Amino acid sequence: MVGAPHTFANPGDEPLVMVNTFTPDLYVRYFRDLRDAMSAGASMQDATADAMPRYATTPTTEYA
């Protein structure tokens, strides 16, 4: 649902593979941007904070 708060997590010790579908495909590029930034040395937190505004997404800890 658009505008609904949500998160992704892997609380276990084993690697996780996530399969997701996107319609429209706007967020496919978002996850590629995260991958590219982290490959260049950015932390997940920094990569996410940098990418989110480009995709009309706002980080929050209100629901953490």
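**Close-up 1. A salt bridge links the side chains of Arg 29 and Asp 33 in this predicted model**. Their N to O distance is 2.9 Å. Both residues belong to helix H1, 4 residues apart, which is about one turn of the helix. Asp 33 is buried, with a relative accessible area of 15%, while Arg 29 is partly exposed at 37%.

**Close-up 2. Salt bridges join several residues into a network.** Let's stay with Arg 29 for a moment: its side chain also meets that of Asp 36 in a salt bridge, at 3.2 Å from N to O. Asp 36 is partly exposed, with 35% relative accessibility. Through shared partners, salt bridges tie Arg 29, Asp 33, Arg 35, Asp 36, Asp 50 and Arg 54 into one network. One of the links pairs Arg 54 with Asp 50 at 3.1 Å, N to O, and Arg 54 is partly exposed, at 47% relative accessible area. The count of salt bridges comes to 5.

Close-up 3. Tyr 30, Asp 33 and Leu 34 are buried in H1. Helix H2 (44-51) is among what covers them. Just after H1 comes Gly 41, with a positive phi of about 110 degrees.

**Close-up 4. Phe 8, Leu 16 and Met 18 form a nonpolar patch on the surface**. Together they have about 320 Å² of accessible area. Leu 16 sits in the segment before H1 and counts as exposed, at 51% relative accessibility.

How values were computed
Residues are numbered from 1 along each chain as its sequence is written. This is a predicted model: local features need pLDDT of at least 70, side-chain atom pairs count only at pLDDT 80 or more; totals for chains, interfaces and linings use all residues. Side-chain values use heavy atoms; hydrogens and water are left out. Buried means under 20% relative accessible area, exposed over 50%, partly exposed in between (1.4 Å probe, protein chains only). Helices (H or I, at least four residues) and strands (E, at least two) are DSSP runs, numbered from the N terminus. Contact means heavy atoms within 4.5 Å. Patches are made of residues with over 30% relative accessible area and no salt bridge: like charges are joined within 9 Å, nonpolar side chains (Val, Leu, Ile, Met, Phe, Trp, Tyr) within 5 Å. Accessible areas come from the Shrake-Rupley method with a 1.4 Å probe; for residues, only the protein chains shown count as cover. A salt bridge is a side-chain nitrogen of Lys or Arg within 4 Å of a carboxyl oxygen of Asp or Glu.
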